Amino acid sequence: MIQKEEGLKRRVGVLGLSANIVNIIIGSGIFVLPAIVASYMGASSIIAYLFCGLLMAMIMLCFAEAGSKVTNTGGPYTYIETAFGDYAGFIAGFFAIGSNLFADAAVSNALVNVIGSAYPIFAEGLPRFVFLFILFYGMVYINVIGLKQGIGLVKFNTLMKLIPLLLLIVIGFKDVSISNLYFENMPSIKTLGETSLILFFAFQGCETGIIVGGEVINPKRTIPRAILISITTVVVVYVLIQTVSQGVMGSDLPDFKAAPLAETAKVVMGSFGYTLLIIGAVISMFGYMSGTILNSPRIVYALSRDNVIPIKALSKIHKSFATPYVAIIVYATIGFILAISGSFEQLAVIASSSMLILYLGVALSVIKLRKSEKDSYEGFKIPGGWTVPIVAIATILYFLSNLSTNEMAVTGIVISILSLIFLIMRFIRRKG
């Protein structure tokens, strides 16, 4: 695949990219997820993790193949744009940006709420505004001065968020009761499906972590390896966390939906454990923010680079730091405005369905790219012919079918508005 000229430098290796993906996927959700899953499936919860992990692996294999083939910055937007053209890329790019912006606003508010519960001065008013300002623009500074600094922060956050989880797993196993993990009957397909729909969103994040494709060393090998390493790491950590929390808390686990892991740690390690896991949740949210503000602005940059957004300033590369500094500043500014206004809550429904649509586009792009380059297909290729892409497409359609009528309607309206904007922009360019 011919790469477009970029001023970005390839500095991200397998370790850095793997940490970047794991950091995004293992977000604040894992600190509350075990209780929610246990409320659906009880002791058989682990089956849902394995089932959902397998389905997500099918989708991630599609990302691995597309990412080894289309090695420009932009992640899923670039794959879809390369396979299906400007219109599909335009829709995909805005869905990716919008979903990430709403998620950033939600997580940043959750972060300040957690800190505000311990230090009420940050709960509202000017201190809350100042905290969010420092959070967003501190991230901007780190990511503008260099990719090395941004990836360095991601690696640090990934390690710091995994330490309390791994400590809980290692120390907690001594308190696991086998009787709490025993179940007589397999869950029904309906129950498994409902639970997996919740878990599916906990496995999201790879699509954000690989946006830095244009800055990855030897992407044809690095991207597939990093995806496989990260999804394996996530599945193992999730299963072990659920095993320990279920094994320690038993049938009481669903009663602690606010902080199930912190409650488990209190049983295992006392008050120190509870504090450690609360701190871990804060670090996890901070880590998520550091990861998205590293990655997501690269979509804005890519849309401008490809003239999908006709604002060339957004694709400017800093002469000294070799980073898309304008895109980073603009993206973070919009995220900050959403965070302080709280208006993202009314549009949060778009975020959940947009990622599914992106995943569908990537799975379809694998098929399209294979057909368009039958004789010169380079990079990683998923074994088993069409099996994995078809299973991935069927999985995504299944999850989309579970969206409410309202969610489907809102998504359709957004696509219609974006389509109209695209047509207007195309008309203006032709007239010009």
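Modeller: Gln149 lies in helix H7, which spans residues 147-172. Helices here are DSSP runs of H or I with at least four residues, strands are runs of E with at least two, and both are numbered from the N terminus. Gln149 has a relative accessible area of 36%, so it is classed as partly exposed. On this scale buried means under 20% relative accessible area, exposed means over 50%, and partly exposed is in between, with a 1.4 Å probe and protein chains only. Gln149 and Leu294 are 145 residues apart along the chain, and their C-alpha atoms are separated by 9.9 Å.

The model is a predicted one, in which local features need pLDDT of at least 70 and side-chain atom pairs count only at pLDDT 80 or more, while totals for chains, interfaces and linings use all residues. Residues are numbered from 1 along each chain as its sequence is written, and side-chain values use heavy atoms, with hydrogens and water left out.

Ser230 sits in helix H11, residues 219-249. Its relative accessible area is 1%, so Ser230 is buried. Leaving aside residues up to four places away in sequence, Ser230 touches Ser18, Ile21 and Val22, where contact means heavy atoms within 4.5 Å. From Ser230 to Leu167 the separation is 63 residues in sequence and 19 Å in space, C-alpha to C-alpha.

The loop between H14 (297-305) and H15 (325-341) holds Ala322. Phi of Ala322 is near 55°, a positive value in a residue other than glycine. Most residues other than glycine have a negative phi. Ala322 has a relative accessible area of 8% and is therefore buried. Thr323 is placed in the loop between H14 and H15 too, and its relative accessible area of 0% makes it buried. The C-alpha atoms of Thr323 and Gly291, 32 residues apart along the chain, are 15 Å from each other.

Helix H4 covers residues 76-84; seven of its nine residues are buried, so the rest of the structure largely encloses it. The buried residues of H4 include Pro76, Tyr77, Tyr79 and Glu81. After H4 comes Gly85, with a positive phi near 100°.

Cys52, at 0% relative accessibility, counts as buried, and Cys62, at 1%, counts as buried too. With a disulfide taken as a pair of cysteine sulfur atoms within 2.5 Å, the count is zero disulfides.

For the protein as a whole, there are 18 helices and zero strands. Of its 432 residues, 56% count as buried. Along the principal axes, the C-alpha atoms fill a box of roughly 70 × 55 × 40 Å. Among contacts with a separation of 6 or more, 83% join residues 24 or more positions apart.
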